[in-house]
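Colleague: I'm new to this one, could you walk me through a few parts of it?
Modeller: Gladly, here it is.
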Amino acid sequence: MSLETLALTKADFQKQLQQELTGNILPFWLKYAPDPVNGGFYGAVTNDLQVLNEVPRSAVLCARILWTYATAYRQLGDERYLTMARQAYDYLTRVFWDHGNGGVYWSVNAQGQPVSDHKHDYAQGFTIYGLSEYYRATQEPQSLQLAQTLFNLLETHAYEPVYGGYLEGRSRTWGTLNDMSLSNKDLNCSKSMNTLLHILEAYTNLLRIWPEAKLKAQHRALIDIFHQQVIDPDTHHFKLFFDDQWHSLLNHVSYGHDIEGSWLLLEAAEVQGDETLIAQVRETATHMATAVYQEGLDADGSLFNENTPEGLLDTAKAWWVQAEGMVGFYNAYQVSGQLRFAQAAIRCWEYIQNKLVDRTHGDWFKEIKPDGQPDAHHFKIGPWDCPYHHSRACLEMLERLEHSR
């Protein structure tokens, strides 16, 4: 059976994705994110396009903008995307970069002064991700050099050599950080799935352009850590927070991270180029997608955010979870041939079109409340509200559909 047996044809799916990417998402961020007065990008913009410049600017947002527009330029060739990528590259390496100690600050204000000078490894990972993509798009040698510098800093200061994996964060001078939580939703712990996943993602992209032996070994070790420590072998869900020795500290399930991780792990294995590992991770990806399919789907085809043994923790619907659901389910279809996964990907897309796309102001609403209405308290642009998940989902799906039956 092929995708053409489903209600949405491959050609229509491709057309809709292309239009959403180039007609909505990318133009919105080109128009509304840059700050023409202070440079860089606004700290926050509301759903109705009100600028909140007092909100600190996050390195994560800037690095994700860099990745998005470098990728868009590399794949689509539009010079406007290159201009945006250059702006993000300049701001990230000039304003966020700690020129004394190396690495990027967590956040700065509109004038470019550090608000939080912590070296959260989550932000260092996304900076590697963006810098390596900028190099892929432009061959700018400094971007590769800075990505290599960050890799070496993480290996020196963040890698935990006794039990493996990477610590959550360090101080400005790469010393001990008392509170390593990324947000008020996260635990203050030594290691987390979220940081590990995005360091893996970053190392995958860096390995594409820099096949250095230590990088390849550490990248492979991360894949192994996911199999040995992070994925629960009984439930096929990610465990989320850990102490140094990999004792799990919380029994919640994050469906969005599970489905995102399922395809990022396979991408990582494919860049390693080890056929035995690829076969192992293909099986892992199928198990993880199956668990999310069976437990995390709502009746309308959307994915819930989080669950606990006591029941659903969060019945709102986040934009990034639906975007990653579409890619992760389609990846599972490609791996397993099970048509239910292709249908699940299409249903995620239909939910996105019906509920998340903002037909009035552009881009996507970042969260839909349980009553089906957009949550006005969530920014359209903000420290965590970025163009990377949904632009990447469109780009991934276009490439995957191009090579599908």
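Modeller: A word on terms before we start: contact means heavy atoms within 4.5 Å, and helices (H or I, at least four residues) and strands (E, at least two) are DSSP runs, numbered from the N terminus. This is a predicted model, where local features need pLDDT of at least 70, side-chain atom pairs count only at pLDDT 80 or more, and totals for chains, interfaces and linings use all residues. Residues are numbered from 1 along each chain as its sequence is written, and side-chain values use heavy atoms, with hydrogens and water left out.
Colleague: OK, what covers the buried residues of α11?
Modeller: The cover includes α1 (10-32), α9 (275-295), β11 (317-318), α10 (319-336) and β12 (367-368).
Colleague: And which residues of α11 are buried?
Modeller: Buried means under 20% relative accessible area, exposed over 50%, partly exposed in between (1.4 Å probe, protein chains only); among the buried residues of α11 are Leu-339, Phe-341, Trp-349, Tyr-351 and Leu-356.
Colleague: Switching topic, why does Gln-272 count as buried?
Modeller: Because its relative accessibility is 9%, Gln-272 counts as buried; Gln-272 lies in helix α8 (residues 255-272).
Colleague: What does Gln-272 touch?
Modeller: Leaving aside residues up to four places away in sequence, Gln-272 touches Leu-207, Lys-216, His-219, Arg-220, Ile-223 and Leu-277. A polar atom of the Gln-272 side chain lies 2.9 Å from the backbone oxygen of Lys-216.
Colleague: Last one: how many residues sit between β9 and β10 in their hairpin?
Modeller: Two residues lie between β9 and β10 in that hairpin, and Asn-307 stands opposite Leu-312 in β10.

Technical notes:
A polar contact is a pair of N or O atoms within 3.5 Å; within protein, one must be able to donate a hydrogen and the other to accept it, and residues adjacent in sequence count only if both atoms are side-chain atoms. Two strands pair if DSSP finds at least two bridges between them.
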